[in-house]
Amino acid sequence: MKRLSVLVSSLFVSLAALAGAADQVEVHEPYVRLAPPNAPATGAFMVIKNTGDTPVKVVKAENPTSNLTELHNHINDKGVMRMRQVPSIDIPAKGQAELKPGGLHVMLIDMKAPLKEGQIVPITLGFEDGSSKQVEAKVINVMAGKTMQQPVQHGQH
């Protein structure tokens, strides 16, 4: 009987290990920025929340709409903002990583075809422990709701 108890306990530990980081991660507000026609790349953005008690690392991303997918960050290189590939995105225990324009993001490079507004891009996030989570990111035109502000004309009422 004791042997069976140990076997069952080992099985639960093994199943918990198989679940991995993907089960303690929630992804909120994923989207892909609509790029101009013939643009070679675009970015995907989201908030990745870690609900678990251990930190997790996103080490890769994949998607079917581009030939290459990389994790990126913007850095200040002597006063010039540049994008650089990063090996991973760390999400602390009970914390989050915000992937946003001008910061960390998923880069979709060498597009297979132009994306369309409203299209859903499946993005698979791969974690350091080998687990993965698929996210459905909607393509949105971030410039659609923005208008150019008219300059203030002083002296006119």
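# Close-up views of a predicted model

View 1. The model is a predicted one, in which local features need pLDDT of at least 70 and side-chain atom pairs count only at pLDDT 80 or more, while totals for chains, interfaces and linings use all residues. Residues are numbered from 1 along each chain as its sequence is written, and side-chain values use heavy atoms, with hydrogens and water left out. Strand β9, residues 120–127, holds I123; helices (H or I, at least four residues) and strands (E, at least two) are DSSP runs, numbered from the N terminus. Beyond its neighbours within four places in sequence, I123 is in contact with V32, A44, A61, E62, N63, K133, Q134, V135 and A137, where contact means heavy atoms within 4.5 Å. P30 is 93 residues from I123 in sequence, yet the two C-alpha atoms are 9.4 Å apart in space.

**View 2. The largest nonpolar core.** This core has 27 residues, and those with the most contacts inside it are V32, I48, V58, V106, I123 and L125. A nonpolar core is a set of buried Ala, Val, Leu, Ile, Met, Phe, Trp, Tyr and Cys residues joined through side-chain atoms within 4.5 Å. Two or more residues each come from β1 (25–33), β2 (41–50), β3 (56–62), β6 (89–91), β7 (96–99), β8 (105–111), β9 and β10 (132–140). Strand β9 gives the most, with four residues. In soluble globular proteins, nonpolar side chains tend to be buried together. V58, leaving aside neighbours within four places in sequence, is in contact with I48, L71, P87, S88, I89, I91, L125, G126 and F127.

**View 3. The aromatic pair Y31 and F45.** One aromatic pair is present in the structure. The ring centres of Y31 and F45 are 5.2 Å apart and the planes are at 40 degrees, so the pair is tilted. Rings of Phe, Tyr and Trp (its six-membered ring) pair if their centres lie within 6.5 Å; planes under 30 degrees apart count as stacked, over 60 as edge-to-face and the rest as tilted. Y31 lies in strand β1 and F45 in strand β2, so the pair ties together parts that are 14 residues apart in sequence. F45 is buried, with a relative accessible area of 4%.

**View 4. Two lysines in loops.** K78 is in the loop between β4 (66–77) and β5 (80–85). Its phi is positive, about 55 degrees, although K78 is not a glycine. With 82% relative accessibility, K78 counts as exposed. K94 is found in the loop between β6 and β7. Phi of K94 is also positive, near 55 degrees, and K94 counts as exposed at 59% relative accessibility.

View 5. Of its 157 residues, 31% count as buried. The average pLDDT is 85, and 79% of the residues score at least 70; pLDDT is the predictor's confidence in each residue, from 0 to 100. Over residues 6–17, pLDDT stays under 50 and the model has zero contacts beyond four places in sequence. Residues 147–157 likewise stay under 50, with zero contacts beyond four places in sequence. Where pLDDT is low, the predicted coordinates should not be read in detail.

Conventions: Buried means under 20% relative accessible area, exposed over 50%, partly exposed in between (1.4 Å probe, protein chains only).
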